[in-house]
Amino acid sequence: MDYGFTAGLEEELDKVAGGELEWKTVLDTWYKQFTAKLATADENMRGNQPVEIPEITCPACERPMAVRTASTGVFMSCTGYALSKKEGKCTKTINLVSGDEAEAVGDDDEEHEVNALRDKRRCPKCGTAMDSWLIDEERKLHICGNNPDCTGNEVEKGQFKIKGYDGPVIECDKCGSDMQLRSGRFGKYFGCTAEDCKNTRKLLRSGQAAPPKMDPVPMPELQCQKADDTYVLRDGAAGLFLAAKSYPRVRETRNPQVREIKPHKDELPEKYHFLADAPELDPDGNPMVIRFSRKTSDHYVAGDKDGKPSGHAAYFENGKWELKGATKGAAKAKKK
Amino acid sequence: MGKSLVIVESPAKAKTINKYLGKDFVVRSSVGHIRDLPTSGRGKPIDKKANPAGKMGVDPEHGWKAYYEVLPSKEKVLAELQKLAAEADEVYLATDLDREGEAIAWHLREVIGGDPARFKRVTFSEITKTAIQAAFAQPGTLNMSRVNAQQARRFLDRVVGFMLSPLLWKKVARNLSAGRVQSVAVRLVVEREREVKAFVPEEYWEMFADLADAQGTGVRAQVTKFKGEAFKPRSQADSDAAVAVLESASYQIASREDKPSKSKPPAPFITSSLQQAASLRLGFSVKKTMTLAQRLYEAGHITYMRTDSRNLSQDAVNTCRGFIEGQYGPQYLPEKPNVYASSGSAQEAHEAIRPTDVRREPGEIQNLEKDQERLYDLIWRQFVACQMPPAEYDTSAITVAAADYELRARGRVLRFDGFFKILPPVRKKGDDDLELPDLKPGSDVALQKLDPSQHFTKPSARFTEASLVRELEKKSIGRPSTYASIISTIQDRGYVKLVNRRFYAEKMG
Ligand SMILES: [Zn+2]
Ligand SMILES: [Zn+2]
Ligand SMILES: [Zn+2]
């Protein structure tokens, strides 16, 4: 391996510092070599080639799936992804759950490394240890540790009921089955173990599962401002918000007014019923808008005068709405 | 006579230096770099006329013309420095002694402007009264060769950063050397990762035997040879076969060897060895070690922390020898001072990292954070130890014969602790000193118990931050001033990650 180029350059800089070499000469020589290498590197650039796994077919279109590596992790995507819409583009992806035993982090790293190596299958192409991923309960995919440089892979069939799982289990808020901790492209999450339930809940930094998601409430009577679309009411990390039906493709969102959600009270989860009971207007007759305080993780309502805080806000305290007059604090919280 | 202005790069350093200079000096700090090549993030649009090189800020096609900009956050600092400089007769640039410090001094001179003759350069490798007064008694001028070496490094990094797309950067990190240290560091990690994954652990067995003579004096010996060859069973079957023979064999002491051995004290710290030791003994990251060391330096407690020289000043050695003799007695003072050679590439006339005053023992410095104190303790011990005599052992080895097998037992007794007095050795598991019993060659011993155990060969260990720095140093890549930033850059960019203090290469799509 040629480390000499870099080491040589380092020594040349030492010589520049010692007055033995002229700095711009060193730079010129380096630049010539660098641009030449860059030109050949551009030619040799291997694209982000996904590794096709013929045995695993797309649940949506039956084309083979391929393993891709993104900054968020390893996942499978349909090989129909690169096609045009006319040719039947398919954007199906499958999250992969690591099939290797939980990486126990102990004092003896070397012992751990050896055990991990002994547990792994060997790549049929290059002999390197393979990483394994659970596709579902019947199929485990082994991918060469040098992927994507080596395309070696094997599909193992069997019963892989996330065996040996001793992580946290929570009850599914949709169907009552167990939810287990899994890892996907965007980090760890709880996934429902029931076959036909697709419920997931994000794992928060605190180690807790994120609060159950609310099903989006369609509000066909509310027209978006910019897009030709109507709103749905969603529940996000920053509380309730109105989003275009085709969000996130159409990125239009805003805070809902109290009077807008009132007709949908019955569709809201019980924990949000109190919001439908909030005052509709502030003392000056401005509409009250539902807002969320990240500090207290609670919703409150605040008067809105032509897109600016009216200065009035109301908080739900001890089972009833308390109006707080035109305080600075309310105006400030509103601005955020 | 008007006052003289002294400019350093950090407020803490300014405070310490201020103590040692009279009231004719005004000491100010530039709070780091004052200007740099333009960055896109700074808001101000690039003025095409003033800077035809655009965002890159340097033009490799036209004689490397550079377009430096004053950092927006430094405009106020600069205005004050300019005002003070206008009132001063002389301006002393007292930035750090390495190339980066030289370059900061040059940038300061350039932006402050005025008659270049009133700018003086002073350097010192420790912030003590003696060193500061000596430096100011003999000020020099800027060393443009060193400034240019630093500019060249900055330009190189800038050009690579601009001309390589992030995606190509990853490929470069793997496949070609761009003359950039970070890419070599990434490649070392990637290669080690591949080596580890390609490694197939092989089974082997070890066997120990507990033996005792007629009086019940026991010794534990390892089976080392079979028919003159190394004994290394590859499977349980092989091991069991040996057990069958060894269980009924007769054991006799074949030979015994006793000889003295020594353990020499370590060299005083340089940047890389300090990072290693702080990682091993204190669990500090490379970055943490350097930050703490810099604070100790700026407060005047240790010599400059970016160095690859093992030199020690005559004064420091003499004071240390006096301290050792007074504190531990003449038997702990070698006849002559211990001298340590620097590696061939040691670039400048620096010193090793040592306490500025050895008589200031760890724990005696007021107002030191806990971790700063622990690092000072480490540096102080290493320095005192480096001027102490070796530790001395009596080592012994017994060879036992049994059928076609040979067993060996080793023992070691510390006879004189030497530098261990101040720097106790880091012991690994099962590395305890052990005195071998008095068993004479020719005497018979009986087998009490055989203890076979299964093992697997291990792949090369993954790099830690500190061992990666060591590897770079061995390959003569990177310099004391750049190790810490290399280590952070490759992690920040997501090319590699640190898990349980070991480097893993990130998958690259
Ligand atoms: Zn598909
Ligand atoms: Zn392979
Ligand atoms: Zn469910």
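In what order do the four strands of the open sheet in chain A stand, and with what pairing?

Guide: Bearing in mind that this is a predicted model, the open sheet of chain A has its four strands in the order S5-S6-S7-S8, and their pairing is antiparallel. Strand S5, residues 97–98, and strand S8, residues 153–157, stand at the edges of this sheet, and since each has a single partner strand, one side of each is left without a neighbour in the sheet.

Strand S7 of chain A, which covers residues 139–144, runs antiparallel to S8(A) and is joined to it by five bridges. Within this pair, His142(A) stands opposite Glu154(A), a residue of S8(A). Strand S7 of chain A also holds Lys140(A), and this lysine counts as buried because it has 20 C-beta neighbours inside 10 Å, where the cut-off for a buried residue is 20 or more. The C-alpha atom of Lys140(A) is separated by 7.8 Å from that of Gly158(A), although the two residues are 18 positions apart along the chain.

Among the contacts in chain A with a separation of 6 or more, 29% are between residues 24 or more positions apart.

Chain B has 14 helices and 17 strands, and its radius of gyration is 30 Å, well over the 23 Å that the globule rule gives for 509 residues, so chain B is more spread out than a compact globule. Taken along the principal axes, the box filled by the C-alpha atoms of chain B is roughly 95 × 65 × 35 Å. Of the 509 residues of chain B, 39% count as buried, and residues 24 or more positions apart account for 74% of the contacts in chain B with a separation of 6 or more.

On the side of H3(B), the contact is made by Arg99(B), Glu100(B), Glu102(B), Ala103(B) and Trp106(B), while H5(B) contributes Arg146(B), Val147(B), Ala149(B), Gln150(B) and Gln151(B). Sorted by class, this contact of H3(B) with H5(B) has four nonpolar, two polar and four charged residues.

Note on methods
Residues numbered from 1 in each chain as written. Chains lettered and ligands numbered in written order. Predicted model: local features only at pLDDT ≥ 70, side-chain atom pairs only at ≥ 80, totals over all residues. Contact = placed C-beta atoms within 7 Å. Helix = DSSP H or I, 4+ residues; strand = E, 2+ residues; numbered from the N terminus. Nonpolar A, V, L, I, M, F, W, Y, C, P; charged D, E, K, R; others polar. Pairing = 2+ DSSP bridges. Buried ≥ 20, exposed ≤ 12 C-beta atoms within 10 Å, placed from the backbone. Rg over C-alpha atoms; globule rule 2.2 N^0.38 Å.
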